[in-house]
There are 2 protein chains.
Amino acid sequence: MIEDAALRIEGGAVVWLGREQDLQPGPDAPELDAQGAVAVPGFVDPHTHLVWAGVRREEFVARLAGEQYDGGGITTTVAATRAATAEELFVLAAARGRRMIANGTTTVEIKTGYGLTPTDELKCLDVIGRLAKDLPWLVEATYLGAHVVPPGRDRAEYVEEVIATIPAAAAAGATWADVFCDEGVFTIDETRRILQAAQDAGLGTRLHAEEIAHTGAADLAAEMGCASADHLEHVTAEGAHAMAAAGVVGVLLPTVTLSLRTFAFGQYQVLREAGVPLALSTDCNPGTSWCESMPYVVQLACLVYGMPVHEALWSATRGAAMALQLRDVGRLSPKARGDVALLNAEHEADVVARLGAPGCLATIVRGQVWQNPAAPSVSA
Amino acid sequence: MIEDAALRIEGGAVVWLGREQDLQPGPDAPELDAQGAVAVPGFVDPHTHLVWAGVRREEFVARLAGEQYDGGGITTTVAATRAATAEELFVLAAARGRRMIANGTTTVEIKTGYGLTPTDELKCLDVIGRLAKDLPWLVEATYLGAHVVPPGRDRAEYVEEVIATIPAAAAAGATWADVFCDEGVFTIDETRRILQAAQDAGLGTRLHAEEIAHTGAADLAAEMGCASADHLEHVTAEGAHAMAAAGVVGVLLPTVTLSLRTFAFGQYQVLREAGVPLALSTDCNPGTSWCESMPYVVQLACLVYGMPVHEALWSATRGAAMALQLRDVGRLSPKARGDVALLNAEHEADVVARLGAPGCLATIVRGQVWQNPAAPSVSA
């Protein structure tokens, strides 16, 4: 932490960072006084399902009342997403995206996975492409055809269809492929085939792993050289060591664990002791984590995992950038993108010591203060 | 829940509530379009320690890293609060209070308890009186001289001093007395004597009970007819039944349990099964819960207790008003105060289904839209 810090951004990139007293005169440019607020790199959110239609409030509330979550609720969203046009999906996702940017997120990974036919998955990739173009953030697009086997489909046939769709997904802008490898979803063998096909097509790979049960998905992520394995509530020390040895980033999604009410937060220590680099993410989705705030995730991670604040901030920026294999975001050193979140906090510790999520005073994207054109307000 | 609802406030009080289509023409008055947002009674926060000086960020962060919380940190705040003038304390507490109102709180209970000498406790009551006068909310003042035995004091002597100060506290505006009755703090017998003296002086009584260990404080609250017993992590079914029979409201403080990382959320079911009316509160304090947001508490209660949304909203409004024995707040029926929180939520379920705390679009106090004069902002 640098106190009384100043930062210079030119041409959208950081050119200097240090103590304000050491700032040299430079070219004329707008100055922003952060008024003592804590500045961190713009948040990197490495695991979201931002493109969806429909609402699942009732399911969420029912689950809190004690019903078991078996992933079946995804099919509700699939039906609504198939019925929606690309324009409708864009409007919904862009509103969520603007709120995310207002909360300091400047880089985001967005998955498909609610289309589950080649046509509908490619429609979602088109929406993701437009989200990358029309909003000022950096977007990484992930093909998640293997989110769940759609109802009424033969699973072997569906796996073949997912594999056959990979080249078109890559052509439509996907640079990543992901598989929900878990009990009741895709098996280790099915997942290995899909990941191999994705890698053969030049895509990077990542996994939903060890969320519902321990299946060995973490070991598979290590075996296949995935960039990240995400969720990991049921990871073992063996799986964690395999991830560490292979350089697989562990993406923790504390809001999901909280909303599923399992209080299974122990994976943090297992992964940390194994030396796995950790990232944090919202997992923004309509069923288990309609969350658009990385500051909320950072605070929650400190509380539920006992994660130190500086580590949580690192995981929400640099660690998350590593999960996406990006070098120029998630840090504020020279040549990094000029993306900054100004937190409503006077001190790093206030990120967690002020319960209720600190929120952002401002988000700076490539050197520009971002204005939310759709901030809600009422007046008499 | 009334859909497409309208509400008429006249002279600071609710005069009509119903479907907008049934609204009759009335006297000219400003109209506020809630634009589909959920309107609830202004939140009632029945347990806060709002008057303090100094910061305890380091203690908070250290505790997350695994240190045990033994209440000793209170003395840090006591030293800073004694050193501060009433004016300094007012400025600090008023800033917190304005943020609370921005988050929808329109009625608040505020305790002393960081002075712990007669002079400093009365200074804090003066500050609470000014918070009641200068901010537009309704304030209930509580004398908590029995927060902890100050370091260096003989405990029997200190209990006598607390008892001797009660009449002056009542004269300085306190209408309630509270005791931290727990292991390592005040015993059942000491607490009974203090509560009896408070009741003899005409004060209502409430208790910090069963937080650190099971001591029988819930039974004492029932025996003494306290308005509420608060915390209750270690309450037994027997204590809960005693509370229910005596009409003692249980005040739940989920942020504290979360920040202490005990994950001891089971008291909710124990209290609910016994039929105890439940309230929710921030416990706003510098050590375990620097929280100024009732919407955050409501959301967290749903998540950690599995509390239904409508019940959590009831507990944060009507239940909390019951804990303070107030009849005209915490509800929106005719003759209630015209206090309304407009939540940033389109549907009741969004209060919890949108993780990250919904926040408020606007707070209406006695019919007036409240403007925060000190909302933070930065601009280029």
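1. Thr107(B) stands opposite Leu138(B) in strand S6 of chain B, and this pair belongs to the join between S5(B) and S6(B) (residues 138-146), which run parallel and are held by five bridges. Strands here, like helices, are DSSP runs numbered from the N terminus, with at least two residues (E) for a strand and at least four (H or I) for a helix; two strands count as paired if DSSP finds at least two bridges between them. The model is a predicted one, in which local features need pLDDT of at least 70 and side-chain atom pairs count only at pLDDT 80 or more, while totals for chains, interfaces and linings use all residues. Residues are numbered from 1 along each chain as its sequence is written, chains are lettered from A and ligands numbered from 1 in the order in which they are written, and side-chain values use heavy atoms, with hydrogens and water left out.

2. Strand S5 (residues 105-111) of chain B has seven of its seven residues buried, so it is largely enclosed by the rest of the structure; buried means under 20% relative accessible area, exposed over 50%, and partly exposed in between, with a 1.4 Å probe and protein chains only. S5(B) is also joined to S4(B) by four bridges, again in the parallel sense, and Thr105(B) in S5(B) is the bridge partner of Phe43(B).

3. These strands belong to an open, parallel sheet of eight strands in chain B, ordered S4-S5-S6-S7-S8-S9-S10-S11. Strand S4 (43-48) and strand S11 (278-280) of chain B stand at the edges, each with a single partner strand, so one side of each is left without a neighbour in the sheet. Neighbouring strands of this sheet are turned by 25 degrees against each other on average, direction ignored, where axes are lines fitted to C-alpha atoms (for helices over the stretch in contact) and angles run from 0 to 180 degrees between N-to-C directions.

4. Cys124(B) lies in helix H4 (residues 118-134) of chain B and is buried, with a relative accessible area of 0%. Apart from neighbours within four places in sequence, Cys124(B) is in contact with Val51(B), Thr81(B), Leu89(B) and Thr112(B). Of these, Thr112(B) is 12 residues away from Cys124(B) in sequence and 5.8 Å away in space, C-alpha to C-alpha.

5. Chain A can be laid on chain B with an RMSD of 0.0 Å by a turn of 180 degrees and a shift of 0.0 Å along the axis, which is the relation of a two-fold axis; the superposition is by least squares on the C-alpha atoms of residues with pLDDT of at least 70 in both copies.

6. Chain A has 14 helices and 16 strands, its C-alpha trace spans about 65 × 45 × 45 Å along its principal axes, and buried residues make up 59% of its 380 residues.

Notes: Contact = heavy atoms within 4.5 Å.
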